[in-house]
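Hi,

Here is the structure I promised to pass on.

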Amino acid sequence: MISKIFNFFKGIKRSYYTFRVKRTAKSVGRDLTVNNYSYVSPGTVLGDNVNFNGMKIQGSAQVIIGDNFHSGIECMMITDSHNFEGEAVPYDSTVISKDIVIEDNVWLGNRVIILPGAHIGEGAIIQAGSVVVGEIPKYGIAGGHPAKVFKYRNAEHYEKLKKEGRFH
């Protein structure tokens, strides 16, 4: 009985969080799932089968997330930064905005931070706790501060699963 009640409230929370993201994002594909508190900026474009488990997307630039995206808990994407080369120290009132692009079939571990201008290639995996500041290539498995590729997925196996439509 208790598990039924827990699942009922879990479903209500999921529906509410999903509604909030759909209401705010620029566009949302099919089958969005938002399992934990999340918010997105108005410049967010989401593909099909996007899964957030606690995502915060902030800033004025565009964030484009492809199909079959999965995030761990407490992830962040930030598109704006302060101008430290401006008219004041430590920074002036100028905001520098850069788009973030995440291609299809990307998986972020828990507490990953994606900074302005980052581009994550198709099928990449970002290790929990990492900070992405630049480009992660297709099939790259990256981690650290800043995130660096330390391994690659088996491209043949990945493409086979993709061709068969085996998406989680």
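Below is what I found, going from the whole chain down to single residues.

Some ground rules before the details. This is a predicted model, so please keep in mind that local features need pLDDT of at least 70 and side-chain atom pairs count only at pLDDT 80 or more, while totals for chains, interfaces and linings use all residues. Residues are numbered from 1 along each chain as its sequence is written, and side-chain values use heavy atoms, with hydrogens and water left out.

**The whole chain**

The protein chain has two helices and 19 strands; these are DSSP runs numbered from the N terminus, helices being H or I with at least four residues and strands being E with at least two. Its radius of gyration is 17 Å, close to the 15 Å that the globule rule gives for 168 residues, so the chain is as compact as a globular protein of that length. (That radius is taken over C-alpha atoms, and the rule is 2.2 Å times the number of residues to the power 0.38.) The C-alpha trace spans about 60 × 40 × 25 Å along its principal axes.

Of the 168 residues, 38% count as buried. Buried means under 20% relative accessible area, exposed means over 50%, and partly exposed is in between, with a 1.4 Å probe and protein chains only. The accessible surface of the chain comes to about 9700 Å², and 56% of that belongs to carbon and sulfur atoms; the areas come from the Shrake-Rupley method with a 1.4 Å probe, and for residues only the protein chains shown count as cover.

As for contacts (heavy atoms within 4.5 Å), residues 24 or more positions apart account for 20% of those with a separation of 6 or more.

**The strands**

Two strands pair if DSSP finds at least two bridges between them.

With β15 (residues 125-126), β18 runs parallel over two bridges, and isoleucine 125 has isoleucine 141 as its bridge partner in β18. With β19, the pairing of β18 is antiparallel, over five bridges, and here isoleucine 141 is partnered by lysine 151. A hairpin takes the chain from β18 to β19 through two residues.

**The loops**

As background, most residues other than glycine have a negative phi, and most peptide bonds are trans. Which peptide bonds are cis here? One runs from valine 89 to proline 90, with omega near 5°, and proline 90 is in the loop between β9 (80-82) and β10 (95-97).

Aspartate 31 has a phi near 60°, a positive value in a residue other than glycine. This aspartate lies in the loop between β1 and β2 (33-34) and is exposed, at 53% relative accessible area. Asparagine 49 also has a positive phi, of about 55°, but is buried at 18%.

Asparagine 49 is in the loop between β3 and β4, and aspartate 48 lies in the loop between β3 (44-46) and β4 (51-52). At 22% relative accessibility, aspartate 48 counts as partly exposed. Leaving out residues up to four places away in sequence, aspartate 48 touches Gly29, Arg30, Gly66, Asp67 and Asn68.

Enjoy looking around!
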